Amino acid sequence: MDTVDIARWQFGITTVYHFLFVPLTIGLSALVAGLETAWLRTGKTHYLRATRFWGKLFLINFAMGIVTGIVQEFQFGMNWSDYSRFVGDIFGAPLAIEGLLAFFVESTFLGLWIFGWDRLNAKLHNACIWLVHIGTLLSAYFILAANSWMQHPVGYRIDHQTGRAVLTDFWAVLTNSTQLVSFPHTITAAFVTGGLFMAGVSAWHLARRKNIEVFRPSLKVALAVTAIASIGVAITGDVQGKVMTEQQPMKMAAAEALYETEQPASFSVFTLGTPDGHKEVFGIKVPRVLSFLATGSFDGEVKGINDVQAAEQARYGPGNYRPVVPVAYWNFRIMVGVGMLTALLSVAGLWLMRRGRLPSKPWMYRAGVLSLTLPFIGNSAGWIFTETGRQPWSVFGVLKTSASVSPGVSATSMLISVASLTALYGVLLVIEVGLMLRYAKAGPPTEDEVLPPPPSDDDSDDAERSLAFAY
């Protein structure tokens, strides 16, 4: 492998690893905030116990997300300096706002929420966790705005004197058509992630008939959120597919392994191609469905890989503009398949829990626990498809990936960096999973642990008491 390939592997490994934590942080923050709100509205202690329990798991995940996310920023300057030099005026703006505004909101109000138990007014304390959730949404919006600009660059011009892209319309970057569909798709997927995580842990405890008063409501809320969010994922994904077809026809063609233009176009259930990804060998297809997914019409035309390749060669010059077709094809199917399966599981779970029931069969709880892994698989597949399907471009139609890598970094140093970070992230993964399993198995605190102690005449108690919600 050359330096470009190694740099791509490093960024891919660290980005996918970091993206394991981001959707869970977004989804869990909303669920924890909702449970605390339910406690304030009803006064029922089991909602408070649930808030404390899920809040602890949320904080572990939040901390790991911060640690793994920092590496992303450094890679732009170290491995991708030519990219940073070319697009820094544009790409840096939303990332700077994310750090200075959104992350400050998250971290500030999260600190108030952690240490504000028994010190802040209950409604004000609940507002803090809602503001944390809003902060996560803002962070996601600005980061996705930067990524959407790479998918569909707008609001810029090329300064030929300096050879750099110059920002001309920041509002156009923030309201990019790609951004307006990718953001809701990502956020609804995050709610699915948080919902199934909560459902999986709840199922583990309910299978053992432990703390039913806490985990049954948690499971029901989690399944309801997952079911609603799954519908949102499907709708936003459908809209995103049509926008993608218009802006990046090669990505849609690769997602379906469609080599020749078809009208109407069939949806590929299963396709085998040659090892180089240049020709179809065998396929099972559903007539007209791809035309509807790509264009909104069952008779719409969908460009094939070979025709798009010829068109892009005519527009951009000689070169191979095909992504790795098997990677795009199978990751697209994993993403879609996981989305359908999560929707089915959440609806089935709600049906089994109707009228105050709990599932009686052990395999149902095992399915619930295993479903916890599904959104992480789906999120990773979707992210890999989005980024690899854009290749060979780092900024679509403007800057190729081969022209983005740092010129002064050798393949040897890059390999050392990849090996070191992969090993480090492996250790962090063991720590993350170990902590999550430990505290998930421990269960929620008791009523005595969450309710404030009775007032004391000894003033020294206030000064010496431990923090009510310190982790």
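Helices (H or I, at least four residues) and strands (E, at least two) are DSSP runs, numbered from the N terminus. What you have open is a predicted model, where local features need pLDDT of at least 70 and side-chain atom pairs count only at pLDDT 80 or more, while totals for chains, interfaces and linings use all residues. Residues are numbered from 1 along each chain as its sequence is written, and side-chain values use heavy atoms, with hydrogens and water left out.

Along the principal axes, the C-alpha atoms fill a box of roughly 85 × 50 × 40 Å. Colour by burial next: 48% of the 471 residues are buried, meaning under 20% relative accessible area with a 1.4 Å probe, protein chains only.

Now select residues 325-352, helix α12, and residues 374-388, helix α14. They pack at an angle of about 150°, their axes 8 Å apart; axes are lines fitted to C-alpha atoms over the stretch in contact, and angles run from 0 to 180 degrees between N-to-C directions. That makes α12 roughly antiparallel to α14 (over 145 degrees).

Zoom in on the contact (heavy atoms within 4.5 Å). Show side chains including V327, F332 and L345 of α12, and I377, F385 and T388 of α14. How many nonpolar, polar and charged residues does the contact have? It has 14 nonpolar, five polar and no charged residues; Ala, Val, Leu, Ile, Met, Phe, Trp, Tyr, Cys and Pro count as nonpolar, Asp, Glu, Lys and Arg as charged, and the others, Gly among them, as polar.

Notes:
Angles under 35 degrees count as roughly parallel, over 145 as roughly antiparallel, 65 to 115 as roughly perpendicular and the rest as oblique. Buried means under 20% relative accessible area, exposed over 50%, partly exposed in between (1.4 Å probe, protein chains only).
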